[in-house]
Amino acid sequence: VCERAARQALEAVPAGLRQLVGMHCLELERRRLTALLQEWLQLERSRGEFLVVHREQPVELQLAGLRLKLRVDRVDELADGGRLVIDYKSGSNKLKDWLGERPSQPQLPLYGIAANVQGLAFAEVRPRASRFLGLATTDAAPGVSTDIAKSVGRHAAATSFDTLLQAWRRDLTALAESFLAGDAQVDPLGSACQYCGLQALCR
């Protein structure tokens with residue numbers, strides 16, 4: 001099954017690009033994808049009962065008059081009826097990226113305040129390092145913590161998932177209001193400066 005899925009994914013690559021890459025590279029990629037998918041499914045098997053109810057689901061949210069269109073990778077329904085929102089990633093992530101007055105990865109917090117969900121999680125699909133990383137009200141998956149206060153630490157004054165949702169709504173609404181007010185001061189997040197070649201223009 002995993003090998004067939006990997007083949008289908010590569011067959012979806014445009015013919016011109018496949019020809020440019022070459023058959024040997026495509027074969028190596030097929031093997032890599034097959035092994036990665038097998039590893040990920042082993043992690044999924046370690047979870048309790050769940051059902052995938054949405055994939056690539058579009059969601060709209062209004063914040064302070066700002067209309068946002070979101071598309072979430074996956075939504076699972078858990079055994080207790082709660083819902084876990086999952087965002088696939090190929091790299092390493094940190095929960096603090098969701099937190100603070102200016103979260104660097106606000107997509108899942110935005111979905112959290114737009115829908116009735118009981119948990120949010122990154123799904124990091126990486127060779128020999130695949131994992132879930134997230135927060136929830138109930139045991140949703142390995143790596144998804146229910147100890148909200150301990151997990152968010154100094155980055156947010158939240159003791160439960162509900163209070164965390166309230167903090168996200170407050171902080172993200174403030175960002176939307178700032179955007180609509182035309183606030184364009186040069187004030188990048190710290191990590192952004194690592195990848196920008198225009199530091200000399202910053203004041």
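Reader: Which elements do the buried residues of α1 pack against?
Author: Keep in mind that we're looking at a predicted model. In helix α1, which covers residues 2-11, the buried residues are Cys2, Ala6 and Leu10. Their packing partners are α2 and α3 (23-45).

Reader: Why do the buried residues of α1 line one face of the helix?
Author: An α-helix has 3.6 residues a turn, so positions three or four places apart point the same way. The buried set here is Cys2, Ala6 and Leu10. Looking down the axis of α1, those buried residues line one face because they fall within an arc of 70°.

Reader: Over on α2, is Val21 buried, partly exposed or exposed?
Author: Val21 sits in helix α2, residues 15-21. Together with Leu17 and Leu20, Val21 makes a nonpolar surface patch of about 290 Å². Buried would need under 20% relative accessible area and exposed over 50%. Val21 comes in at 38%, so the label is partly exposed.

Reader: On to the sheet: which strands are at its edges?
Author: Six strands make up an open sheet with mixed pairing, and the order is β1-β2-β3-β4-β5-β6. An edge strand here pairs on one side only. That gives β1 (50-63) and β6.

Reader: How many bridges join β4 to β5, and do they run parallel or antiparallel?
Author: β4 (residues 119-124) and β5 form a hairpin with six residues between them, and Arg128 in that turn has a positive phi of about 60°. Across the pair, Leu120 stands opposite Leu135 in β5. The strands are joined by six bridges, and they run antiparallel.

Reader: And β5 with β6: in which sense do they pair?
Author: β6 covers residues 144-145, and two bridges link it to β5. Gly134 stands opposite Val144 in β6, while Leu135 has Ser145 of β6 across from it. The sense of this pairing is parallel.

Methods: Residues are numbered from 1 along each chain as its sequence is written. This is a predicted model: local features need pLDDT of at least 70, side-chain atom pairs count only at pLDDT 80 or more; totals for chains, interfaces and linings use all residues. Side-chain values use heavy atoms; hydrogens and water are left out. Patches are made of residues with over 30% relative accessible area and no salt bridge: like charges are joined within 9 Å, nonpolar side chains (Val, Leu, Ile, Met, Phe, Trp, Tyr) within 5 Å. Accessible areas come from the Shrake-Rupley method with a 1.4 Å probe; for residues, only the protein chains shown count as cover. A salt bridge is a side-chain nitrogen of Lys or Arg within 4 Å of a carboxyl oxygen of Asp or Glu. Helices (H or I, at least four residues) and strands (E, at least two) are DSSP runs, numbered from the N terminus. Buried means under 20% relative accessible area, exposed over 50%, partly exposed in between (1.4 Å probe, protein chains only). The arc is that of the directions from the helix axis to the C-beta atoms. Contact means heavy atoms within 4.5 Å. Two strands pair if DSSP finds at least two bridges between them.
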